[in-house]
Amino acid sequence: MGEANCLAVLGPTASGKTSLAVRFAEHLNGVILSVDSRQVYRGLDIGSGKDLSEYVSQDGHPIPYRLIDIANLDQEYSVFDFQTDFYQAFEETLRDGRLPIAVGGTGLYLEAVLEGYEMVKAPCDKTLREQLESLSTEELELRLREAKGSLHNTTDLSSRERMIRAIEIAEAEGEPMVQRAPAICPFIFGVEWERSMLRQRIGDRLKQRLEMGLINEVRGLRKQGASWERLVSLGLEYRFVSEFLQDRIKTENDLFQKLHSAINQFAKRQMTWFRRMERKGIIIHWIPEGDFGRAIELLKGIEWNLDLKNTS
């Protein structure tokens with residue numbers, strides 16, 4: 001069926017990607033490389049769904065993972081930074097003679113590493129930031145659109161903090177820093193569920209996270225110095241719980257209903273991104289309900305090439 005040097009597991013939130021990846025890691029002597037834009041941050045535990053207790057084999061041995069808890073919340077961690085860290089983890093995993101297993105639902109991050117996007121590294125510009133802070137939100141949006149010409153990533157408009165960073169990158173002077181990308185040849189699985197079943201899974205998981213102390217986690221981040229704007233920029237759980245703690249959402253039931261709806265909309269956007277990847281020619285093997293047995297059958301014709309020399 002072919003040769004590959006990486007296994008990737010993608011899918012919408014709450015689809016069971018992590019548990020499936022853990023089974024693969026146990027079966028194939030793999031290391032999980034997390035592809036999640038929020039799990040990189042220390043302190044974002046319940047809301048980001050790190051679920052580190054899942055990284056255990058069926059006989060109780062720990063499954064190694066990378067790219068979780070590698071940045072502080074006050075750090076500007078970009079797609080470029082993730083690309084850098086992923087490539088390093090990928091090569092180190094091959095060097096150890098183990099299979100890299102990329103797993104996550106952040107489509108931009110996954111596509112950036114699998115397709116070898118040429119990214120620009122722009123340092124923080126304190127003078128520019130001070131200037132931009134004085135502008136209104138409308139003025140920031142106008143300046144961003146002028147700087148970029150066209151705006152493909154609308155998440156840049158989701159908060160003032162994101163817009164300021166996007167302008168900083170777009171207006172950066174000098175030669176862009178381009179990554180040396182290793183040759184990644186992935187076999188990609190996608191976990192899919194019937195829509196009503198996924199909605200139920202999302203609701204069940206949200207209830208569990210609220211019971212685990214999601215509200216207190218956000219309250220604690222605020223006490224540690226995270227601004228409301230920073231918390232809102234993290235999206236979903238952190239945004240809605242922040243609004244609840246500021247009395248913009250009045251009851252926990254309202255919080256659950258609004259957040260449940262928002263997470264379902266997010267899952268739809270994730271699937272839209274993955275379908276777009278397929279239209280671009282990226283082959284995704286969809287596995288209903290994360291059926292491990294069916295997935296293993298598909299892998300029988302794959303020859304795993306863990307030779308680091310062939311990835312540069």
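This is a predicted model: local features need pLDDT of at least 70, side-chain atom pairs count only at pLDDT 80 or more; totals for chains, interfaces and linings use all residues.

Me: Which residues have the most contacts inside the largest nonpolar core?

Reply: In soluble globular proteins, nonpolar side chains tend to be buried together. Here the largest nonpolar core has 86 residues, and Phe24, Phe82 and Phe86 have the most contacts inside it. Helix 11 (residues 252-279) gives the most to this core, with nine residues. Apart from this core lies another of eight residues, including Met163, Ile164, Ala166 and Ile167.

Me: What is phenylalanine 86 in contact with, leaving aside its neighbours within four places in sequence?

Reply: The partners of phenylalanine 86 are then Leu33, Val35, Leu67, Ala102, Val113 and Ile184.

Me: Which residues of helix 5 are buried?

Reply: An α-helix has 3.6 residues a turn, so residues three or four places apart point the same way. In helix 5, Leu140, Arg143 and Leu144 are buried. They lie on the same side of helix 5 because they cover an arc of only 100° around the axis. Glu138 and Glu146, on the other side, are exposed. The buried residues of helix 5 pack against helix 4 (126-133) and helix 6 (160-170).

Me: Where do the buried residues of helix 8 fall, seen down its axis?

Reply: The buried residues of helix 8 (residues 214-223) are Leu214, Ile215, Glu217, Val218 and Leu221. They fall within an arc of 160°, so they line one face of helix 8. On the other side of helix 8, Asn216 and Lys223 are exposed. Helix 7 (195-212) and helix 11 are among the elements that cover the buried residues of helix 8.

How values were computed:
Residues are numbered from 1 along each chain as its sequence is written. Side-chain values use heavy atoms; hydrogens and water are left out. A nonpolar core is a set of buried Ala, Val, Leu, Ile, Met, Phe, Trp, Tyr and Cys residues joined through side-chain atoms within 4.5 Å. Buried means under 20% relative accessible area, exposed over 50%, partly exposed in between (1.4 Å probe, protein chains only). Helices (H or I, at least four residues) and strands (E, at least two) are DSSP runs, numbered from the N terminus. Contact means heavy atoms within 4.5 Å. The arc is that of the directions from the helix axis to the C-beta atoms.
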